[in-house]
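Try each one yourself before reading its solution.

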Amino acid sequence: MLRAPRGRSGATFLKLAFAARTMAGEPTVSLSELRSLLASGRARLIDVRSREEAAAGTIPGALNIPVSELESALQMEPAAFKALYSAEKPKLEEENLIFFCQMGKRGLQATQLAQGLGYKGARNYEGAYREWFQKEG
């Protein structure tokens with residue numbers, strides 16, 4: 001867990017840590033930004049939790065691809081992807097390809113994986129399903 005150095009407030013430290021992580025190539029999306037993107041139809045959500053977790057509740061419109069399957073899924077031919085997931089495969093240039101999990105760790109892992117495969121618009125909903133459920137559920 002991050003701890004604030006002496007003499008610096010915890011809130012300031014966390015803001016700096018968040019900014020450093022975002023600048024390090026791990027783009028995130030906040031709840032308010034996610035709401036806006038969803039309202040305008042400009043977000044593609046991928047729930048990387050297990051099928052059981054997603055079946056218990058997910059963000060409306062999210063496609064469930066467990067993180068354990070994500071690398072192979074994103075490398076499939078579009079027709080195979082559609083046959084397996086009943087959805088169009090994301091395009092490499094797709095903006096706002098947003099991954100989320102229960103608490104943030106798997107979503108970040110998925111975002112990094114997608115970026116490594118060339119998905120330039122891959123982002124992590126850092127608040128994850130836990131925040132969504134608490135505030136929207």
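This is a predicted model: local features need pLDDT of at least 70, side-chain atom pairs count only at pLDDT 80 or more; totals for chains, interfaces and linings use all residues.

Residues are numbered from 1 along each chain as its sequence is written, and side-chain values use heavy atoms, with hydrogens and water left out.

**Exercise 1.** Work out the strand order of the open sheet.

Solution. Strands are DSSP runs (E, at least two residues), and helices are runs of H or I with at least four, numbered from the N terminus. Strands pair if DSSP finds at least two bridges between them. The order comes out as S1-S5-S4-S2-S3, with parallel pairing. S1 (28–29) and S3 (63–64) are the edges, each pairing on one side only.

**Exercise 2.** Is Asp47 buried or exposed?

Solution. First find Asp47 in strand S2 (residues 44–47). Buried means under 20% relative accessible area and exposed over 50% (1.4 Å probe, protein chains only). Asp47 has 0%, so it's buried. Beyond four places in sequence, its contacts (heavy atoms within 4.5 Å) include Ala54, Leu63 and Phe100.

**Exercise 3.** Find the buried side of helix H6 and what packs there.

Solution. Start with the buried residues: Gly107, Ala110, Thr111 and Ala114. They share one side of H6, because their arc (directions from the helix axis to the C-beta atoms) is only 100 degrees. They pack against H4, S4 and S5. The face turned away carries exposed Lys105 and Gly116.
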